[in-house]
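Please open the structure in your viewer and follow the stops below in order.

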Amino acid sequence: MRRAWVRQAGDGLPPFPPLRNLEIRAPTMPKAVIAQRIGPYNEVLELVEMPPMTPLPEGTLHVRVAAGGMGFPDLLQVEGKYQTKAEPPFVPVMYVAGEIIGIGPGVDPNEWKVGERVVGNSAEGPAGKMCGGLAEEALLRADVTFKIPD
């Protein structure tokens, strides 16, 4: 059995140093690169803090992004040349891998669990905007998401 040691006055140990310059920080919002408008990707992408993605839309999984696959279709979408048009502002990158941190309504909780690693296609967020993989957190459509085996 382990013992917990408690410091007491007169125990012969040096005093704790005073807490100076202690900075307490509020939790930060996740960051994302968003396309504020349609145009050349090197001109329109901008790093911003994202508001919380609540409530989660129907049929989505909230994921902490580990990797996103940015390809030619993503660049076309930012430039407004892809066959489906995203309405700015939006977070680009369709293909996302990460860990589930939330399960939206209409998603079978017996099939998906918080903490599982997954890969899938990004989904529209609460405001109807694409919440893609060029971010710390993203939304995936549960119907086109797959578990990553251990």
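**Stop one: two salt bridges**

Select lysine 147 and glutamate 116: they form a salt bridge, with the closest N and O atoms 3.4 Å apart. A salt bridge here is a side-chain nitrogen of Lys or Arg within 4 Å of a carboxyl oxygen of Asp or Glu. Lysine 147 sits in strand S7 (residues 137–147) and glutamate 116 in the loop between strand S4 (95–103) and S5, so the pair ties together parts that are 31 residues apart in sequence. Strands (E, at least two residues) and helices (H or I, at least four) are DSSP runs, numbered from the N terminus.

The model is predicted: local features need pLDDT of at least 70, side-chain atom pairs count only at pLDDT 80 or more, and totals for chains, interfaces and linings use all residues. Residues are numbered from 1 along each chain as its sequence is written, and side-chain values use heavy atoms, leaving out hydrogens and water.

Next, select aspartate 150 and arginine 117, another salt bridge, at 3.7 Å between the closest N and O atoms. Aspartate 150 is in the segment after S7 and arginine 117 in strand S5, 33 residues apart.

**Stop two: aspartate 74**

Now select aspartate 74 in helix H2 (residues 72–78). Aspartate 74 is buried yet has no salt bridge; buried means under 20% relative accessible area (1.4 Å probe, protein chains only). The nearest side chain of opposite charge, arginine 141, is 13 Å away, where Lys and Arg count as positive and Asp and Glu as negative, with His and the chain ends not counted. A polar atom of the aspartate 74 side chain lies 2.9 Å from the backbone nitrogen of glycine 71.

How values were computed: Buried < 20%, exposed > 50% of the residue type's maximum accessible area, 1.4 Å probe, protein only. Polar contact = N/O pair within 3.5 Å; in protein donor to acceptor, adjacent residues only side chain to side chain.
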